[in-house]
Amino acid sequence: MKNGKVGMTTMVELRLDKFREECGVVGIYGHPEAANLAYLSLYALQHRGQESAGIVASDGKTLHLEKAMGLVADVFSEARLRRLKGSFAIGHVRYSTTGTSQLKNAQPLMAGYLRGQIALAHNGNLTNAEKIRHDLEAQGSIFSSTTDTEVIVHLIARSRELNLLEASVDALSQVRGAYSLVIMNETELLGIRDPYGFRPLSLGKLGDAWVLASESCAFDLIEAKFVRDLEPGEFLLINERGLHTLRPLPPAPKSQCIFEYVYFSRPDSLLFCRSVAAVRKELGRQLAREHPVEADVVIPVPDSGVPAALGFAQEAGLPFEHGLIRNHYVGRTFIEPKQAIRHFGVKIKLNAVREVLEGKRVAVVDDSIVRGTTSRKIVSMLRGAGAREVHVRISSPPTISPCYYGIDTPTRKELIASTHEVEEIRRYLRADSVGYLSLKGLHEAASKEPQVGMGFCDACFTGRYPVPFTEEDHHQLRLFNV
Ligand code: SF4
């Protein structure tokens, strides 16, 4: 938690200790209110990025761009949306994983080149972007942002292929890593998932219009119907002739991000063909089977721990209560009073309910522990509210490795589980017991087929990275991810 002095008070950053999702993307094709629908869809995806928001719309001849730093509802005024004319659009919400948090790095990125205009929005992280960028700069290319995404724009613009689809295939055959993309020119929309399928991208339908979105919760808000997920490696072109799909790149082992189920996605989304809420509940059930506890009450760390805590309570036959209440109206930062208040950053977001906790043996369920700082304060808060025992249950395995595929994670040495055994973590948290879900249990809950390694990336739990790194990649990624 970063503290910065502001006059006589302290500005406290209020993010809880979590991995952070990086971006959300949307695309709308064939609707007279395309920009408005993109705006609403981005609003539904706000949890995937809160630093900047942007939309590009096409009127068939010209692309129009509006983007700014801030939340979706703050960025887009009516006047701004009116300027986004046309029947198709793409949009993006961003939390920075590469490049700094500045307007020049906000997406969609838009560029003019020999064959017209293109705009692009990216969810993921390229592992060889710095190398490509270096090579392009050596050949005279000038970059206007510090994001990995811009290399894709350059590669498309430099391609000898004449149409958007083939130029995109050419460009993406040169990059490695994680990408779910929406790309448009004046007349066509393209949705793409990388061959590993790290990040999600779904197709929906609204009347005659087509919708692409990182998560299906965006479809629900605009009353579009979920059609299907794009397949890993799929390029889906949407134009006046309809839908055209192909898989032009060499196939790769399916490696969908299992952490989307644990924490990132909204529980009301359908993701990788399954309900996120149902998977999270199953994670909780499995956790109760693996780490039973003699407790009087099960409580979640809200909001992300709620479905797993429900599953845990049901499987254990214990009462489920809300013992921690979350204040949803706190922004990112807060000015702390001059008089220091212990654990202020967590306290302003979460408060313990004494009536639920007093004299009880409490099982508290959370989705993950990153550095352990927040969990330690929560344990202390529960004891302060009268809990007799505090048993921490985590609905994922210990997080031991950083993510290089588009998730904001601390460095390895900051991850408490990379350097501490479970018993050491228990002592640090001052909990009566700590139980993590096993890797096998995680995969069983996430897969229809109960087999470890069934189509998911689990590198942050295992250190086994599906996209191999060269020494040089590792060096560049460390620079990107610090
Ligand atoms: S390393 Fe973890 S967070 Fe990153 S893609 Fe793999 S499972 Fe997801």
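**View A. His 391 has its place in strand β24 (residues 389–394).** Welcome to a predicted model, in which local features need pLDDT of at least 70 and side-chain atom pairs count only at pLDDT 80 or more, while totals for chains, interfaces and linings use all residues. Residues are numbered from 1 along each chain as its sequence is written, and side-chain values use heavy atoms, with hydrogens and water left out. Helices (DSSP runs of H or I, at least four residues) and strands (E, at least two) are numbered from the N terminus. His 391 counts as buried because its relative accessibility is 8% (buried is under 20% relative accessible area, exposed over 50%, with a 1.4 Å probe and protein chains only). Leaving aside residues up to four places away in sequence, His 391 touches Val 293, Glu 294, Val 362, Ala 363, Val 364, Asp 432 and Ser 433 (a contact is heavy atoms within 4.5 Å). Glu 294 is 97 residues from His 391 in sequence, yet their C-alpha atoms are 9.1 Å apart in space.

**View B. Helix α6 (residues 164–172) is largely enclosed by the rest of the structure.** Why can we say so? Seven of the nine residues of α6 are buried. They are Leu 164, Leu 165, Ala 167, Ser 168, Val 169, Ala 171 and Leu 172. Look around these residues for their cover, which includes the helix α5 (150–158) and the strands β8 (116–126), β9 (177–184), β10 (189–193), β14 (235–239) and β15 (242–246). Of its 482 residues, 57% are buried. Among contacts in the chain with a separation of 6 or more, 70% join residues 24 or more positions apart.

**View C. The ligand sits in the largest cavity.** "Sits" here asks that more than half of its atoms lie within 2 Å of the cavity's grid points. A cavity is a set of points on a 1 Å grid over the protein atoms alone where a 1.4 Å probe fits but cannot get out, and lining residues have an atom within 4 Å of a point. The count comes to four cavities of 30 Å³ or more. The largest has a volume of about 100 Å³ (the space filled by probe spheres set on the points). Among the 17 residues that line this cavity, Cys 257, Cys 403, Tyr 405, Cys 457 and Cys 460 are the closest to its centre. Helices α8 (259–264) and α17 (459–462) are the elements that give two or more residues to the lining. By class, the lining holds 15 nonpolar, no polar and two charged residues.

**View D. Residues surround the ligand.** They are Arg 199, Cys 257, Ile 258, Phe 259, Cys 403, Tyr 405, Ile 407, Cys 457, Asp 458, Ala 459 and Cys 460 (each has a heavy atom within 4 Å). This shell has nine nonpolar, no polar and two charged residues.

View E. Most residues other than glycine have a negative phi, and most peptide bonds are trans. The bond from Gln 107 to Pro 108 is cis, with omega near 5°; find Pro 108 in the loop between β6 (88–94) and β7 (109–113). The bond from Pro 302 to Asp 303 is also cis, with omega near -5°; Asp 303 lies in the loop between β19 (297–300) and α10 (306–316). Glu 223 has a positive phi of about 60°, and it counts as exposed at 68% relative accessibility. Its loop runs between α7 (217–222) and β13 (225–229).

Definitions and conventions
1 Å grid on protein atoms, 1.4 Å probe; cavity = no way out; pocket = protein on both sides within 12 Å on 5 of 7 lines; lining within 4 Å. Nonpolar A, V, L, I, M, F, W, Y, C, P; charged D, E, K, R; others polar.
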